[in-house]
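Visitor: Could you walk me through the charged pairs and some helix packing here? I have the model open.

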Amino acid sequence: MRRAAVAVATTAMAVSLAACGSAKESDGGSDSSDSAAKKGDDIKVGLLLPENQTARYEKFDKPMIEKKVKELTNNKGEVVYANAKQDASLQNQQVDTMVTNKVDVMIIDAVDYKAIAGSVKKAHDAGIKVVAFDRLAEGPIDAYTSFDNVTVGKTQGEALLKALGDKAKDSQIVMMNGSSTDPNAAQFKEGAHSVLDGKVKIGREYDTKEWKPENANANMEAAISALGKDKIDGVYSANDGMAGGSITALKRAGIAGIPVTGQDAELAGVQRIVTGEQYMSVFKSYPKEAETAAEMAVALAKGESLDSIANDKVDSATTKGVPAVIVPVVSLTKDNIKETVIKDGFYTIDEICTDKYKAACDKIGLK
């Protein structure tokens, strides 16, 4: 989940983790549920995810939300699922379909946080509550859960500086940022720049269309051509998929042994961390985020208050004081794989340490 657009993107999103502004003063306050009709467990939850290339959405988010909704509704609640496959227009159509089918609440991870605003308003006008999931969508949303995205960027930047060590001040890096249509990307960028600026030279920086690894690969090839293969000392990559695309380009150019960051703790990313091809990833507790989204959705569908769930409030460019839950993150390196992804049940050692990676796993004591 750049530099040229950061001021615009950050201002447009205008997210502030503020414990100020009462619910009654805001459009997204927790007392907005008062207008909802009280319902029992027989509810219908629309789940709209943005794409299926990043492993987390199909592997973690969807099944975890489905499971939690069932738990909270005595197995009576239904989750209606749609994946937009990185197409903002398709996602808008999917929202329209769910409005027509009269779901009780929607959980939306927007492909484009601005383009979704009109559809969110359609849902709002139809009396359907909306939980913004992972990305802060514009429009009259009723709740939001995500990670502290600025902290994610800071965590990545700090890890990269640590890997570069005393040579950081003389080092040149490439920044591979996320999509400009994703509000999180602007916050990752903000956090990373707050750590990296003045500490390293940023040779090239890219906003990567649709977060696609192949686009990151092309961007990295352009950076290598422009800077020279002996003039790149590290890569800030906003997620694991783009880290993979960047590393492929680096290897093709004969560049090895430089630190590359990531995010999402994808299996391929963890395996690259084991071998040393990738330095770190950001481990995010998808179970906590998914369960929180489900809790918010069920409460809103039943016309219940979010006061016992949401301890924070955030502001978007269009809605103030949205009840929110912000989930903490952890820097994942080869030193804490057991304490993070394995302990939390994301992967088993056998899944990580296949025959191809067994020797590398043994070397770091992962067995």
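**Salt bridges and a helix pair**

Guide: In this predicted model, E138 counts as buried, at 8% relative accessibility.

Visitor: What does E138 form a salt bridge with?

Guide: The partner of E138 is K114, with the closest N and O atoms 3.6 Å apart. The pair links distant parts of the chain, 24 residues apart, since E138 sits in the loop between β4 and β5 and K114 in the loop between β3 and α4. K114 is partly exposed, at a relative accessible area of 42%.

Visitor: And R135, which residue does it form a salt bridge with?

Guide: R135 forms a salt bridge with D182, and the closest N and O atoms are 2.9 Å apart. R135 lies in the loop between β4 and β5 and D182 in the loop between β6 and α6, so the pair ties together parts that are 47 residues apart in sequence.

Visitor: Are R135 and D182 buried or exposed?

Guide: R135 is buried, with a relative accessible area of 3%, and D182 counts as buried at 2%.

Visitor: Which residues are linked in a network?

Guide: A network of salt bridges links R56, D61, D134 and E289.

Visitor: Switching topic, at what angle do α7 and α8 pack?

Guide: Helix α7 (residues 213–227) and helix α8 (residues 240–252) pack at an angle of about 40°, their axes being 7 Å apart, which makes α7 oblique to α8. The crossing of α7 past α8 is right-handed.

Visitor: What classes of residue are in that contact?

Guide: By class, the contact of α7 with α8 has seven nonpolar, five polar and two charged residues.

Conventions. Residues numbered from 1 in each chain as written. Predicted model: local features only at pLDDT ≥ 70, side-chain atom pairs only at ≥ 80, totals over all residues. Heavy atoms only, no water. Axes fitted to C-alpha atoms, helices over the stretch in contact; angles between N-to-C directions. Helix = DSSP H or I, 4+ residues; strand = E, 2+ residues; numbered from the N terminus. Parallel < 35°, antiparallel > 145°, perpendicular 65-115°, else oblique. Left-handed = near helix turned anticlockwise from the far one by under 90°. Nonpolar A, V, L, I, M, F, W, Y, C, P; charged D, E, K, R; others polar. Salt bridge = Lys/Arg side-chain N within 4 Å of Asp/Glu carboxyl O. Buried < 20%, exposed > 50% of the residue type's maximum accessible area, 1.4 Å probe, protein only.
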